[in-house]
Amino acid sequence: MGVDEFALRKGHNYGTILIDIETRQPIDLLPDRTTTTVARWLTDHPGVEVICRDRSTAFAEAGRIGAPEAVHVADRWHIWSNLAEAVEKTVVQHRALLRQPHDSAATPISAAMKTMELEPHAAPGPRTAGRLCDRIREQHAAVHALLCKGVGLRAIGRDLGLARNTVRRLAYSASLDELLVGQWTGRTSILDPYKPHLHQRWAEGCTIARRLFEEIRARGYTGGESVVKKYVHRLPVRSWEASSAKVVSRTWCRASIFQWSRTSSASWHAVACSAVRLVTA
């Protein structure tokens, strides 16, 4: 059985729809999306073996109460949707590291390294458009509107269907910029003094993170290998790869992900490669 919410009035009133996954036909409509209502329905209708749902904590708890023997699974649409949103959020958080696309053929790796900025630079202003930003803006406004009325954080989470940590993050953020940029954006890194060496070795063809880590550790680097690995994974691809790479826009990536999800040949490897191209393009 599939369980999901639907909006009677977006941002205010929501109900719950129950779907027979095998026949793809609606089973019932519930007046709200609370744990109590869904759990009561499951208790009154025993025999549910599989609950197909999103990541809502309310539906998860309702399943555990009303149908404790049922297996919980995520439907394919929500898996791809969550992946697309995660890719978009990652790109937004690291947008300062993205290079502007060129109309001409990709620049060879050596030339790209010469033009790379090695000194920390100010991050551009936060993105103000897009599905993710619009949703965060709506949630931020709704949370602060309820706070002004004296509603507590737990009640806000229950009314809006948000997790407690999400409500707390929205409540303690005075502006949308804080939510999109994050507290770590623009800060110096322990890796900064060794980036010129990493750029040079990368341009020479050394792309093994472990080897690069050992080289800069011998030069005095005291950080962890994971820091080096994350940084070099964001460096430009090698010239023979860049010549065939295309600039992948966020819109294309999201559309492609959902298109792949409808085909039997879709694979996580293909999606991961697309996400990497989006971040590094």
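**Before you start.** This is a predicted model, in which local features need pLDDT of at least 70, side-chain atom pairs count only at pLDDT 80 or more, and totals for chains, interfaces and linings use all residues. Residues are numbered from 1 along each chain as its sequence is written, and side-chain values use heavy atoms, with hydrogens and water left out.

**Whole chain.** Colour by secondary structure. The chain has 14 helices and 5 strands; these are DSSP runs numbered from the N terminus, helices being H or I of at least four residues and strands E of at least two. Of the 281 residues, 33% count as buried (under 20% relative accessible area; exposed is over 50%, partly exposed in between; 1.4 Å probe, protein chains only).

**Helices α1 and α2.** Select residues 35–44 for α1 and 57–66 for α2. The two helices pack at about 35 degrees, with axes 8 Å apart (axes are lines fitted to C-alpha atoms over the stretch in contact; angles run from 0 to 180 degrees between N-to-C directions). Now show side chains. The contact involves, among others, Val38 and Leu42 of α1 and Phe59 and Ala62 of α2 (contact means heavy atoms within 4.5 Å).

What do the buried residues of α1 pack against? They meet β2 (13–20), β3 (25–30), β4 (50–53) and α2. Trp41 is one of the buried residues in α1. Those of α2 pack against β1 (2–9), β2, α1, β4 and β5.

**Strand β5.** Select residues 71–74; Val73 is there. Val73 is partly exposed because its relative accessibility is 35%.

**Salt bridges.** The whole structure holds 8 (a side-chain nitrogen of Lys or Arg within 4 Å of a carboxyl oxygen of Asp or Glu).

- Select Arg33 and Glu5: their side chains meet in a salt bridge, 2.7 Å from N to O. Arg33 lies in the loop between β3 and α1 and Glu5 in strand β1, so the pair ties together parts 28 residues apart in sequence. Arg33 counts as buried at 14% relative accessibility, whereas Glu5 is partly exposed at 33%.
- Next, Asp192 and Lys195: this salt bridge spans 2.8 Å, N to O. Asp192 is buried at 19%, and Lys195 is buried at 15%.
- Finish at Arg201 and Glu204, whose closest N and O atoms are 2.9 Å apart.
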